[in-house]
Amino acid sequence: MGYTSVKRGLPGRNSSVIAIINQKGGVGKTTTAINLSAALGEGKKKVLVIDFDPQGNTTSGFGVDKDQISADIYDCLMNDVPLDQIIQPTPCPTVFIAPATISLAGAEIELVNADNREMRLKNLLAPVRDEFDYVFIDCPPSLGLLTVDALVAADSLLIPIQCEFYALEGLTKLLESMKMVKAKMNPGLEIFGVLMTMYDSRTTLSKQVVEEVQNFFGKKVFKTIIPRNVKLSEAPSHGLPINMYARVSKGALAYGKLAKEVVRRG
């Protein structure tokens, strides 16, 4: 199913390409990619989500049947398929997905000897990015070539950090990778925001971690904090974002607040 390009017709308005990134797994990258996009879509923003993780959880979280995908982001990276040929609709009318399947795992190896390997995603995005208000790249939990491609393609980074022990562990390497890409390939790359996830207001630990992250990142930390919420965990199995699965849940309300904060940041 291809994507029918519809220009927004808003002269002088550029999209924002944001990589959702943290090399640690289980910190809420995919949850944020799905639910922030859906909340922005509810606010009439046009959003493209690029599933750049071979696990393809963002793809299935939007209800896309991976067995029915004839071409995915791997085919764009390695077989020169135009990005607009793989983009699919989601349950949210103004939110679209560039899906991933397990085949993307092969790209990490195949890109090693490829020409312009770090520029593949940036070049794929160029023809379509300004048809959207926001483009989110859901990155894999690693700092391999796929993540480097995302860093080169992005304008900025959104870093989810879970409110648990060792929350900041490994972030030094991520920031070093960002610094390297910024120096050599993407001088405009910045941190868009840091998002605290899986917050449990009943524990002293969650509060301590938030304070620690705020001390480290300062004003980059979003005021909105995403709570631990059963409904957020359940929604992907139904192929729906939280605002369509459990509209008045704490998780839905939090991502609604986050979307407003993202818009205010630009």
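Modeller: Glu 190 is partly exposed, with a relative accessible area of 39% (buried means under 20%, exposed over 50%, and partly exposed in between, using a 1.4 Å probe and protein chains only). Keep in mind that this is a predicted model, where local features need pLDDT of at least 70, side-chain atom pairs count only at pLDDT 80 or more, and totals for chains, interfaces and linings use all residues. Residues are numbered from 1 along each chain as its sequence is written, and side-chain values use heavy atoms, leaving out hydrogens and water.

Glu 190 pairs up with Lys 182 in a salt bridge, 2.9 Å from N to O (that is, a side-chain nitrogen of Lys or Arg within 4 Å of a carboxyl oxygen of Asp or Glu). Lys 182 is partly exposed too, at 27%. In general, side chains of opposite charge can pair when their charged atoms come close.

The structure holds 9 salt bridges. Another one joins Asp 155 and Arg 129, whose closest N and O atoms are 2.9 Å apart. These two sit in distant parts of the chain, 26 residues apart. Asp 155 is partly exposed at 28%, while Arg 129 is buried at 18%.

Then there's Arg 202 with Asp 200, at 3.0 Å from N to O. Here Arg 202 is exposed, at 75%, but Asp 200 counts as buried, at 15%. Finally, back to Arg 129: shared partners tie Arg 129, Asp 130 and Asp 155 into one network of salt bridges.

Conventions
Helix = DSSP H or I, 4+ residues; strand = E, 2+ residues; numbered from the N terminus.
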